[in-house]
Amino acid sequence: MATIRLTREFSFEMAHALEGYDGLCRHVHGHSYKLFVTVAGTPCDDPADPKYGMVMDFGDLKRIVNELVVDRYDHALILRQTPENMQLLEQVRTKWERVYLVDYQPTCEQMIARFAAQIARELPEGVRLAELKLYETEKSHATWRAEDNTPL
């Protein structure tokens with residue numbers, strides 16, 4: 001049976017700042033992110049299985065991505081934690097609960113790599129993560145492809 005790819009689109013609103021960056025993005029600013037998740041596999045060929053004919057139930061994919069990405073990051077502020085800004089960031093976190101401090105620069109490129117690792121671990125047996133596209137703006141996005149990366 002042929003390998004089939006399925007893609008589902010997700011969206012969320014998130015703010016970030018690029019600590020130490022030399023352009024305008026060093027300031028807190030937000031984006032309307034669009035995340036396209038593509039998985040690949042062979043459709044189930046067991047007529048007795050409720051998932052017969054499916055690579056994966058779109059509802060299951062929605063649940064996984066919502067739990068790992070959308071529900072966590074929607075309307076959140078992501079900031080890189082450094083020794084210089086730690087005290088300030090801890091104060092910000094006492095006022096607003098959806099402030100996440102990370103140990104990486106929260107760029108589109110860094111976020112998509114982390115999303116890929118998290119999503120790949122949660123997929124059902126026989127289904128693999130093939131591609132992610134994360135649009136930060138309508139005209140700018142990062143792409144992660146399984147074929148370009150070592151197995152997750």
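Tutor: Strand β1 (residues 4–16) and strand β3 (residues 76–80) run parallel and are joined by three bridges, where strands are DSSP E runs of at least two residues and helices are H or I runs of at least four, numbered from the N terminus, and where two strands pair if DSSP finds at least two bridges between them. This is a predicted model, in which local features need pLDDT of at least 70 and side-chain atom pairs count only at pLDDT 80 or more, while totals for chains, interfaces and linings use all residues. Residues are numbered from 1 along each chain as its sequence is written, and side-chain values use heavy atoms, leaving out hydrogens and water.

Within this pairing, A15 stands opposite L77 in β3. Helix α1 lies across β1, β2, β3 and β4, running at about 15 degrees to β1 (axes are lines fitted to C-alpha atoms, for helices over the stretch in contact, with angles from 0 to 180 degrees between N-to-C directions). Helix α3 also packs on the sheet, touching β1, β2, β5 and β6 (heavy atoms within 4.5 Å), and its direction makes about 155 degrees with that of β5.

In α3, the residues C108, M111, I112, F115, A116 and I119 are buried (under 20% relative accessible area, 1.4 Å probe, protein chains only). They lie on the same side of α3, because they cover an arc of only 140 degrees around its axis, taken from the directions from the helix axis to the C-beta atoms. Among the elements that cover them are β1, β2 and α1.

Technical notes
Buried means under 20% relative accessible area, exposed over 50%, partly exposed in between (1.4 Å probe, protein chains only).
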